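Subject: Structure handover

Dear colleague,

My notes on it follow below the files.

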Amino acid sequence: MVSARPLARSFFARDPRQVARSLLGKVLVRGAGTRLRVGRIVEVEAYLGAADAAAHAAAGETTRNAVLFGPPGHAYVYLSYGLHYCLNVSCMPSGDAGCVLFRALEPVAGIKQMARSREIELAAADVRDPQILRRLASGPARLCQALEITRPRDNGGDMTAPKSGLWIGDDGFRAENIVTALRVGITKSAELPLRYYLAGNEFVSRR
DNA sequence: GAGGAGATCGTCT
DNA sequence: GACGATCTCCTCT
């Protein structure tokens, strides 16, 4: 089991582009005690708030996106296409409602639990099968399924506090060779290069 | 391996 | 009443 320390709130009180790059290589931790599920963050996207037409915050504050307008470092979870949840963390560039979307994780611990949540049959021999591991959390909706992240349960939670049950930690891993690319699945402001991932990483959702 | 369609519902117009 | 920051399955090549 890795030991990780939570990130400070000030980490998130920056421009979402800086936060996004800095988050690569950190670990997303679900749960408490010994039943932890841990994934390394390998792919994220930045959303800039009012200046970014693709951002949920662009049209102003509503009950849905209220978390984005609150303090940085909190979880913003929303339902996409009526089926899937997606996880963001709020940032605060000069009072604006920016955020970072988590797009893919590399499973580190609690792999069998993740598979169960994803309804993937996993024999002991499969735990190291890269084909199967890749299906666990490579995609924003998949990682929410794998960690059982939902809006009723996790929206607004404090991602700097382990006691919230969903937090981000630094285990000493240092990201190198970060690739910048276009964001996935949006139509507005699609030309902005705000997606970041670890070069050559197997668990990135799209290359 | 690539491409297309369907699933499904909260939120905003 | 329309529309998604998606995933999976199916078909075709």
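I begin with the DNA. By class, the protein surface near DNA strand B is made up of three nonpolar, two polar and two charged residues. Here Ala, Val, Leu, Ile, Met, Phe, Trp, Tyr, Cys and Pro count as nonpolar, Asp, Glu, Lys and Arg as charged, and the others, Gly among them, as polar. A residue is near a strand if one of its heavy atoms lies within 4 Å of it. The residues in question are Thr 62, Arg 64, Leu 79, Tyr 81, Gly 82, Leu 83 and Arg 151. Of the atoms of DNA strand B that come within 4 Å of the protein, 65% belong to sugar and phosphate.

Please keep in mind that this is a predicted model, in which local features need pLDDT of at least 70 and side-chain atom pairs count only at pLDDT 80 or more, while totals for chains, interfaces and linings use all residues. Residues are numbered from 1 along each chain as its sequence is written, chains are lettered from A and ligands numbered from 1 in the order in which they are written, and side-chain values use heavy atoms, with hydrogens and water left out.

Thr 62 places a polar side-chain atom 2.2 Å from a phosphate oxygen of DNA strand B. Tyr 81 has a backbone N or O atom 2.5 Å from a base oxygen of DNA strand B.

Helices (H or I, at least four residues) and strands (E, at least two) are DSSP runs, numbered from the N terminus.

Next, the charged pairs. The structure holds twelve salt bridges, each being a side-chain nitrogen of Lys or Arg within 4 Å of a carboxyl oxygen of Asp or Glu. One of them joins the side chains of Arg 40 and Asp 171 at 2.9 Å, N to O. Arg 40 lies in strand 3 (residues 37–47) and Asp 171 in the loop between strand 7 (166–170) and strand 8 (178–181), so the pair ties together parts 131 residues apart in sequence. Arg 40 is buried, at 11% relative accessible area; buried means under 20%, exposed over 50%, and partly exposed in between (1.4 Å probe, protein chains only).

Glu 45 and Arg 103 form another salt bridge, their closest N and O atoms being 3.7 Å apart. Glu 45 is in strand 3 and Arg 103 in strand 6 (residues 99–109), 58 residues apart. Glu 45 is buried at 0%, and Arg 103 is buried at 7%.

Glu 148 and Arg 153 also meet in a salt bridge, at 3.9 Å, N to O. Here Glu 148 is partly exposed at 36% and Arg 153 is exposed at 54%. Through shared partners, salt bridges join Glu 43, Glu 45, Arg 103 and Arg 195 into one network.

Finally, the cysteines. A search of the whole structure finds zero disulfides, a disulfide being a pair of cysteine sulfur atoms within 2.5 Å. For Cys 86, the nearest cysteine sulfur is that of Cys 144, 6.0 Å away. Cys 86 is buried, with a relative accessible area of 6%. The sulfur of Cys 91 is 6.8 Å from the closest cysteine sulfur, in Cys 99, too far for a bond. Cys 91 is buried as well, at 0%.

Regards

Terms used. A polar contact is a pair of N or O atoms within 3.5 Å; within protein, one must be able to donate a hydrogen and the other to accept it, and residues adjacent in sequence count only if both atoms are side-chain atoms.
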